[in-house]
Amino acid sequence: MNGDFVIGGVFSIHYQMHIVIHNYTTKPEPSRCGGSLITRELRFSRTMIFAIEEINNSTELLPGITLGYQIFDSCASVPMAVDVAFQLSNGQDPVFYKDRNCSQSGVVMAAVGDSPSTPSISISRIIGSFNIPLVSYFATCACLSDKQQHPSFFRTIPSDQFQADALVKLVKHFGWTWIGAVRSNSDYGNYGMASFLNAAQKEGICVEYSEAFSWTDTHRKIQRVADVIRRSTALVVVAFIASAEMRVLLEELILEPPPPRQWIGSEVWITDPNLMSFSFCAGAIGVGIQQSVIPGLRDFLLELSPNDVAASLVLTEFWEEAFNCTLTKNGEPHKKMCDGTEDIKTLKNPYTETSQLRVTNMVYKAVYAVAHAIHNAVCKETNFRTQCNKNSHLESKQVLSKLKLVNFSQNGYPVSFDANGDPVAFYELVNWQKSESGDIELVTVGYYDASLPKGQELHINRNITWVEGGTKVPMSVCTEICPQGTRKVLQKGKPICCYDCIPCPEGEISNMTDSTDCFPCPGEFWPNAEKDTCFPKPVEFLSFDEVLAAILVAFSGFGACLAVITAVIFFHHRTTPVVRANNSELSFLLLFSLTLCFLCSLTFIGAPSEWSCMLRHTAFGITFVLCISCVLGKTAVVLMAFKATYPGGNFMKWFGPPQQRMTVILLTLIQVLICTVWLVLSPPFPVKNLTTYKEKIILECALGSAVGFWAVLGYIGLLAVFCFVLAVLARKLPDNFNEAKMITFSMLIFCSVWITFIPAYFSSPGKFTVAVEIFAILASSFGLILCIFAPKCFIIMLQPEKNSKKYLMNKN
């Protein structure tokens with residue numbers, strides 16, 4: 001249509017070019033399109049006509065100006081797109097403006113189109129050299145945002161870069177980390193998938209396979225892609241693919257349906273109603289262009305009469321295919337003649353489908369964007385009126401500069417361009433859901449708004465139907481989620497999403513799923529059985545509540561009672577020869593010290609404290625020295641008693657009761673001095689032992705000074721060995737009252753116990769160290785009281801006839 005200013009239009013109304021064989025002997029035929037008619041693209045082209053007619057009837061936009069149009073079919077092919085681009089750049093035959101010699105009606109001010117990205121790239125490169133702006137409604141390749149290569153390119157549909165980001169956030173939102181990917185082998189598919197994979201990698205999403213194909217590929221190639229999808233383990237398949245390729249792929253898959261797959265679709269095919277007949281894709285989800293309403297468009301599309309159709313070759317082809325009839329007598333012989341009763345309102349195809357206008361609105365907005373740019377170039381506001389100069393010598397570069405600045409709303413939908421010629425990205429999240437009748441319907445379940453702050457772009461506000469009609473989000477991961485208490489270990493030669501779940505090592509936890517590492521618990525904490533939480537370590541010490549402690553307390557009490565009973569027996573029979581002959585004063589002192597030895601073992605039981613640690617070791621050291629000193633005194637008295645019987649001997653005056661007391665006191669004071677120095681310089685103190693057991697804390701008494709501890713033990717051992725030597729020397733002395741034999745046995749037991757104690761002390765863990773020490777105290781104490789006093793008590797209580805001076809003086 002002619003006009004004051006002409007807008008070009010490029011649409012892929014047919015699938016392919018008509019194949020021409022060049023034999024170089026005749027003039028080649030003009031390029032023309034072949035293949036089936038794409039009725040949706042026909043709707044797009046008719047929408048452009050509708051928008052231009054609406055603008056021409058407007059009193060606000062370009063008043064008094066008539067816009068014309070020149071619409072071309074690019075056949076979705078680069079050669080035809082190049083041909084169209086040159087026609088747009090060169091202008092048309094003068095016949096278009098023979099009555100308006102001074103006008104620019106034949107020169108295209110701007111162009112709208114094309115649908116595919118690849119033809120749009122070709123057109124943009126050519127007409128961009130002449131500063132003719134190209135506003136696409138469906139070319140989404142991110143490469144077209146490069147202003148150095150495409151300085152005059154604009155679009156009303158968002159770039160694939162935004163679409164890729166939206167798809168990645170969608171996949172990430174549902175926790176899918178193991179996906180398959182298929183794409184069109186075109187600029188749209190390759191650039192779009194490259195953007196998607198780059199963003200997916202940053203989000204930790206792994207791709208099992210990435211396949212590219214074209215609908216013109218051989219059946220074998222398409223079958224191979226279908227087999228890859230069938231054999232894959234990834235449940236989710238992201239398809240950055242054009243409708244033509246998607247149809248070919250689904251037709252191949254339906255021959256041998258694969259296991260259930262959750263399809264994630266780009267905006268090209270996810271909103272294509274022609275593909276919704278493939279029921280095994282129900283549950284597919286993807287991003288789609290926003291739904292819209294264009295008042296009056298449906299009536300315009302359906303206002304086609306046979307006469308209108310006959311005036312256009314394209315409409316004629318559409319009409320004849322839709323109603324399977326012919327409008328001309330020279331038409332196909334097998335078709336009947338159209339009789340005029342055909343009603344386009346009864347048709348159900350993409351041309352008449354206007355319930356969800358998505359890309360159609362992009363065409364509508366593109367036409368209005370160009371019109372606003374022309375308006376801003378040739379119109380001025382004067383006295384609250386808009387005046388436009390239809391005779392203005394307008395050039396395309398002026399339209400280009402004004403187009404960069406347009407900012408308006410049409411039917412409530414904003415239109416503007418950023419520095420790259422892209423609009424603000426807004427997508428609807430659409431879901432293929434089965435209706436009650438069994439048909440698949442396109443349902444909007446959320447949206448993606450790139451203008452919102454980062455992390456808030458994606459919103460889902462409606463329930464989603466998943467693959468096989470499920471209501472629960474399907475899982476698509478290479479490896480199941482590693483639970484808490486485990487960590488991820490990558491599988492060799494596989495993507496980072498494929499890993500093994502290894503339990504955390506001892507002493508470490510992980511309190512998050514899919515943790516890459518475990519971390520150790522603090523020193524006084526230990527993991528629970530599941531290794532997902534640190535709990536305070538149980539504190540262990542020899543408590544009075546334990547069975548072992550109760551047994552030791554019982555033996556300690558029994559030993560103390562035994563010493564007291566023995567003392568009572570000796571006191572009651574203190575005048576008898578057995579008691580008097582065995583140095584009764586030292587015997588009572590020995591029984592007193594043995595009682596203390598039995599009782600001092602109780603200080604080792606219970607939670608260690610500063611006072612108990614100092615008391616237990618010093619009490620033990622001093623009482624045992626007192627005990628051994630008494631035994632040593634008794635042994636010396638026995639030995640000296642026999643030496644005094646020899647002629648001229650005067651030894652006993654040095655071993656009388658005062659000397660015996662002084663000896664015991666002196667020997668005990670030496671131990672008291674050692675203990676005092678130990679306590680002053682480096683006393684024992686309570687400590688939490690975290691090294692013996694990793695999983696629990698041992699409360700124990702640290703020695704403070706190891707030298708002090710071994711000095712105390714060494715002094716006891718020295719006295720015991722000296723006593724043992726003296727007892728051995730006196731063991732064969734005559735007479736029945738000689739107790740050197742019993743002392744020898746007692747010292748032998750004593751030394752054996754404490755020699756055994758040393759390795760047992762160092763090898764016993766935790767509270768058993770204390771138990772060993774208590775056992776050594778009790779064993780040596782029982783050895784002394786039983787070996788020294790049991791024979792005497794036996795005579796006193798059971799053999800009183802032997803408790804006489806005559807019997808005791810009888811030399812054996």
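Let's start with helix 11, residues 313-323, where Leu315, Thr316, Phe318, Trp319, Glu320 and Phe323 are buried. Buried here is under 20% relative accessible area, exposed is over 50%, and partly exposed is in between, using a 1.4 Å probe and protein chains only. Helices (H or I, at least four residues) and strands (E, at least two) are DSSP runs, numbered from the N terminus.

A quick word on the source: this is a predicted model, where local features need pLDDT of at least 70 and side-chain atom pairs count only at pLDDT 80 or more, while totals for chains, interfaces and linings use all residues. Residues are numbered from 1 along each chain as its sequence is written, and side-chain values use heavy atoms, with hydrogens and water left out.

Back to our helix. What do the buried residues of helix 11 pack against? Their partners are strand 3 (33-37), helix 1 (39-56), helix 10 (306-310) and strand 13 (325-326); contact means heavy atoms within 4.5 Å. At the N-terminal end, Ser312 is the cap, with a side-chain oxygen 3.4 Å from the backbone nitrogen of Val314. After helix 11 comes Asn324, with a positive phi near 55 degrees.

Now for Ser152, in the loop between strand 6 (134-136) and strand 7 (153-155). Is Ser152 buried or exposed? Its relative accessibility is 1%, so Ser152 counts as buried. Leaving aside residues up to four places away in sequence, Ser152 touches several residues, including Ile127, Pro133 and Leu400. A polar atom of the Ser152 side chain also lies 3.1 Å from the backbone oxygen of Ile132. For a polar contact, we need a pair of N or O atoms within 3.5 Å; within protein, one must be able to donate a hydrogen and the other to accept it, and residues adjacent in sequence count only if both atoms are side-chain atoms.

Last stop, the rings. How many aromatic pairs does the structure hold? There are 26. Rings of Phe, Tyr and Trp (its six-membered ring) pair if their centres lie within 6.5 Å; planes under 30 degrees apart are stacked, over 60 edge-to-face, and the rest tilted. Take Phe278 and Phe280: their ring centres are 6.3 Å apart and their planes are at 80 degrees, so this pair is edge-to-face. Phe278 is buried at 6% relative accessible area, and Phe280 is partly exposed at 24%. Phe426 and Tyr447, in turn, are stacked, 5.6 Å centre to centre with 15 degrees between the planes. Phe426 is in strand 19 (residues 426-434) and Tyr447 in strand 20 (residues 440-449), so the pair ties together parts 21 residues apart in sequence.
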